[in-house]
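Colleague: I am new to reading models like this one. Could you take me on a close look around the ligand, and then show me a few other residues for contrast?

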Amino acid sequence: MAENRKDLLYIKDLSPSEIEEILCEGNKKREELNGGKKEWSSLRGKSVVTLFYENSTRTRVSFNNAAAFLGAYVRHVAAESSSIKKGESLDDTGYTLQAMGTDAIIMRHSISGAPKFLAERISIPVINAGDGTCEHPTQALLDMLTMKRHFGRIQGLKVALIGDIKYSRVARSNIAGLTKLGAQVSVFGPSTLIPPHIEAMGARVAASMEEALQGANVVMGLRLQLERQQKGLIPSISEYSKYFSINEQRLSLCEKDCIVMHPGPKNRGVEISDEVCMSERSLINDQVTNGLCIRMAILERLIGEKK
Ligand code: CP
């Protein structure tokens, strides 16, 4: 991360070399974790708050574990059970947490741009843990680490993102990061869920599932973001599953050694079959472990001893 970077808000802000450095540090953490290490001291005495205005399992718990493994105190603020419910504004919540000696805020919000808004108002680092349909930077970093560990490279990989692209912050962060590192990204889904600006970001819109999967090294399924969608974008879940689900038959179009990824939470039988989830191609659980390692790397870079 650039020496002067206070926050981690968007992949689009990072240079290719910063991304490579984070992947390298995340990989080092993964090797140490694989060797049984679960205790570091780089965040000893630091205090980290996870401030979540939206539900989460993976991102919240892995940030929690990452900070705890590095020696920090971690506190969670859920919007539903906090003074936010009494009308406290986002900036007042930030000033309050800052005044308590918090060293970093990890924040998820349903509104795109909310972490940036807070980061511009407080002096402590803000890490974007997913904002509306905008970005989910640590998800893309953990996804890139998973690909790099498996293939030894990102450059030249063909990556197919399948499903709800329009409402997916994971898709946006992955397109930004993967194209910076030289991967070719194709997207496919119902035409109502492919936003017009996606090609300007560097992704190719495939005309069919066959075209998207042909020769792919990585297939990533994306959940229907029903909580964000307007009504009437797909005829029915069963029809969606019939035409857009990632199943074994469709994967025969990909490269023989193709891997399957999914950021989670996944809806088995909707965007991805149960068989694919359980297959050897699936690196979904590996993504989760890499998430812990990437988040340790990010926390160290922003508030660790070296910083
Ligand atoms: N991938 C992801 O962001 O999962 P959670 O919503 O469980 O954090």
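Modeller: Let's start with the residues around the ligand, which are Ser56, Thr57, Arg58, Thr59, Arg108, His136, Gln139, Pro263, Gly264 and Pro265; a residue counts as near a molecule if one of its heavy atoms lies within 4 Å of it. This is a predicted model, in which local features need pLDDT of at least 70 and side-chain atom pairs count only at pLDDT 80 or more, while totals for chains, interfaces and linings use all residues. Residues are numbered from 1 along each chain as its sequence is written, and side-chain values use heavy atoms, with hydrogens and water left out.

Sorted by class, this shell has two nonpolar, six polar and two charged residues. Here Ala, Val, Leu, Ile, Met, Phe, Trp, Tyr, Cys and Pro count as nonpolar, Asp, Glu, Lys and Arg as charged, and the others, Gly among them, as polar.

Now look at the polar contacts, meaning pairs of N or O atoms within 3.5 Å; within protein, one atom must be able to donate a hydrogen and the other to accept it, and residues adjacent in sequence count only if both atoms are side-chain atoms. Arg58 takes part through its backbone, with a polar atom 3.0 Å from an oxygen atom of the ligand. Arg108 uses its side chain, where a polar atom lies 2.9 Å from a ligand oxygen. His136 also has a polar side-chain atom 2.9 Å from an oxygen atom of the ligand. The protein covers 92% of the 250 Å² of accessible area that the ligand has on its own, by the Shrake-Rupley method with a 1.4 Å probe.

For background, most peptide bonds are trans. Pro265 is in the loop between β9 (259-261) and α10 (274-278); helices (H or I, at least four residues) and strands (E, at least two) are DSSP runs, numbered from the N terminus.

The loop between β9 and α10 also holds Glu271. Glu271 counts as buried because its relative accessibility is 1%; buried means under 20% relative accessible area, exposed over 50%, and partly exposed in between, with a 1.4 Å probe and protein chains only. From Glu271 to Ile246 the C-alpha distance is 6.1 Å, although they are 25 residues apart in sequence.

For contrast, find Asp7 in the segment before α1 (16-34). At 12% relative accessibility, Asp7 is buried too. Its side chain makes a polar contact with the side chain of Lys6 (2.9 Å), and a polar atom of the Asp7 side chain lies 2.8 Å from the backbone nitrogen of Val126.

Ile303, in helix α11 (residues 284-303), is buried because its relative accessibility is 6%. Ile303 and Ser47 are 256 residues apart in sequence, and their C-alpha atoms are 9.8 Å apart in space.
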